[in-house]
Amino acid sequence: MIPLLALESSDRYVAGAYLVFLLLLLIYVAIMAAKLSRIQRELGSLAELADRSRPRGASHDVGEIHEREQEIGTVREQAQREEAAR
Amino acid sequence: MANALNSITLRRLAIATVAVMAAGYALAFFAAPEDADQGFIQKIFYLHVPLATVALCGWIVAAIHAIRHLRTGDPKHDARAYVSIHISVIFGLAVLLTGAIWAKGAWGVWWEWKEPTLVSFLIVFLLYATYYPLRYAIEDRDRQARYASVFAITAGAFVPLNFLAVRLAQPLIHPRTFSSAGGLPDSMLWPFLVCLVGMALLWTTLVWFELDSKAASGNLKRIRRALEATA
Amino acid sequence: MTAFGALLRKDLRVELRTLRSLPAMALFAVSAFVIFRFGLDREQLSGELAAGVLVPTLLFAALLAINRLFVAEREEGGFDLVRLAPVDRTVLFAAKASALVIYLVVLELVAVPIFALFFLDSATGLLPFALVLLLADIGLAATGTLISTIATMSSARDLLAPLILLPLLIPLVIAAAGAGEHLLAADGPDYGRFGTWLGLLGLYDLIFLLVGYATFDFLLDD
C-alpha cells in the first residue's frame, strides 16, 4: 500500500516539475507575443505616418518625380484633346 | 556567444533546440534506467540540473559581455549582457521551482536548507533579481549601461565565491544529496549531456530572440524619430 | 599617495565635525541588541545564537554608513572635483573604502564590548574574533563603496544599496557567523575551522577589492 502510494506521488512531482518548466516557457512566449503586438502596432502607425507625410513634403524622391511627370502628361493630353475638340 | 554563432540564423537555432531537447528528454524518459535509490522522481534531475548549469553559465557569459562593454563602450555588448542576465533569471526561477518540487518528492519538504547548491542558487538569484531595479533607477542611457556592466561583473565574480562559502557552511560530513554528473553511470550520463546541450541551445535561442526583438523596437524608434523630423 | 591621504583626511575630518554616521551606527547597534534581548527572550547568548545576533546587527549598522558614504559628494559636487583633479580616480575608491573600514572598526570598538557586557559570560573569544571582524570589514568596505557609488548616482538612492548589498554580503555573514559560532561557544573558544573562515574572508576581500579597483573608474565617467 505505502510503496504504491509513494510511486504515484513521485509521478505527480515529476509531471509537476516538467509542467512548471513548460508553464514558464509559455508565460515567456505570451510576454514576447505582447511585445510583438506592440511592435506591430508601432509599425502600423509608422506606415500611416509615412503615407501622410509623402504627398506634402517637397522631397526629391524618384516616385514623386514620376508621379509629377504623369500629372504633367495628363494635363497636356487634356489640353490636346480640348484643342482637337475645338 | 552570439558573436561566434553569427552565421547561424535564429530559425535554424530554434529547429536545433527543438530536435536536441526532444531527443534528450526522450532518452531521459525511455532509455535511461530508473535510479536505484530515488526511483522515478530522479527524472527531475534531467530538467533541474541542466537548467541550473545553463543559468549559471549564462550569468558568467553576461559578465564577459559586460567586461567587453566597459572595454569598448559599444552598447551592443551591454544589450547582450542585459539579455543574458534576463534569460538566466527566468531559468533561475525554473531552477528554484523544480528544485522545490524535487525536494518535496524526494524528502517530503518543499525547501531543504541543508542542500548547499540549492541555497547558493537562491542567494545568487536574489542578487540578480536586483539587476532590474538597478537599471530602472538610472535614467541616463549611457550611465545605466555602464553601471549595469559594473554590476554584472561584480555579480559574476560573486557566483563562484558564493558557492564556495555556502558549501563551507555545511558540516563537513553532510552527504551530498544531488549527485553531481561525475558519479553518474554512462546510461544516465549520455541522456543528461544531451539534455544539457538542448538546454544550452534553448538559452541561446531565447537570448537571440530577445535581442532581435530589442533591436526591432530600437530600429522602430529610430525610424519614428527620422519620420517626425521630416514631417 | 598624497591625494589618497588628502581625501581620507577630508572624510574623517568631516565625520568628526558633523558626526553624521558614527553615532547613528552605534545607537542603532545598541538598540538592536535591546530588541534581540526581548525578541529572543534571552539574557545570555553563546555559540551560534551569539554570532547570529552580533554579525547581522553589525552588518545592518554598516548599511547606515554605506548609505551616507557619498552624500557629501553628491550634494556638494565632490565627484566633479575628483573628475577634474589630475589624480587617478581609483584613489577615491581607496580613500572611501579606507574611511569605511575606519568607521566600521570604531563602530565595533563600541558595539562589541557592549554586546559582551549585555550577553556574554566570558570575553576570551573576542580577541580572535576581532581578526575575523577586521577581515569582514575590509570586504564590506570594498563591496559597500562600489555599490554605494552606483546607488548614489541612481534615483532610488537609499533603497538600492541595501537591496543589492544584502545578497552580496551573505558570504561574509556565513564566514563571520561560522567563525563566531565556535569562538563565542559557551565552553570557551574553539579554533576548529578558524583558518577556513579566515581564508574565505581573505578571498572575498581580494576578489572585491580587485573588482572595485578595475571598475570604479567607469562609475565616475560622465
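**Close-ups of a predicted three-chain model**

**View 1. Two helices of chain B, side by side.** In this predicted model, α2(B) goes past α3(B) in a left-handed crossing. What kinds of residues make up the contact of α2(B) with α3(B)? Sorted by class, there are 16 nonpolar, 11 polar and three charged residues.

View 2. Helix α2 of chain B covers residues 45-72, and helix α3 of chain B covers residues 75-107. Their axes come within 8 Å and cross at roughly 160°. An angle over 145 degrees counts as roughly antiparallel, so α2(B) is roughly antiparallel to α3(B).

**View 3. Where chain A meets chain B.** Let's move on to the contact between chains. Chain A puts in 23 residues here, and chain B puts in 25 residues. On the side of chain A that touches chain B, you'll find 15 nonpolar residues, along with five polar and three charged ones.

**View 4. Who touches whom.** Two pairs of chains touch, and which of them has the most contacts? That would be chains B and C. Chain A and chain C, on the other hand, have no contact joining them. Even their closest C-alpha atoms sit 25 Å apart.

**View 5. Chain C and the predictor's confidence.** Chain C has a mean pLDDT of 90, and 100% of its residues reach 70 or more. For the complex, the predictor gives an ipTM of 0.89 and a pTM of 0.85.

Terms used: Residues numbered from 1 in each chain as written. Chains lettered and ligands numbered in written order. Predicted model: local features only at pLDDT ≥ 70, side-chain atom pairs only at ≥ 80, totals over all residues. Axes fitted to C-alpha atoms, helices over the stretch in contact; angles between N-to-C directions. Helix = DSSP H or I, 4+ residues; strand = E, 2+ residues; numbered from the N terminus. Parallel < 35°, antiparallel > 145°, perpendicular 65-115°, else oblique. Left-handed = near helix turned anticlockwise from the far one by under 90°. Nonpolar A, V, L, I, M, F, W, Y, C, P; charged D, E, K, R; others polar. Contact = placed C-beta atoms within 7 Å. pLDDT = per-residue confidence, 0-100.
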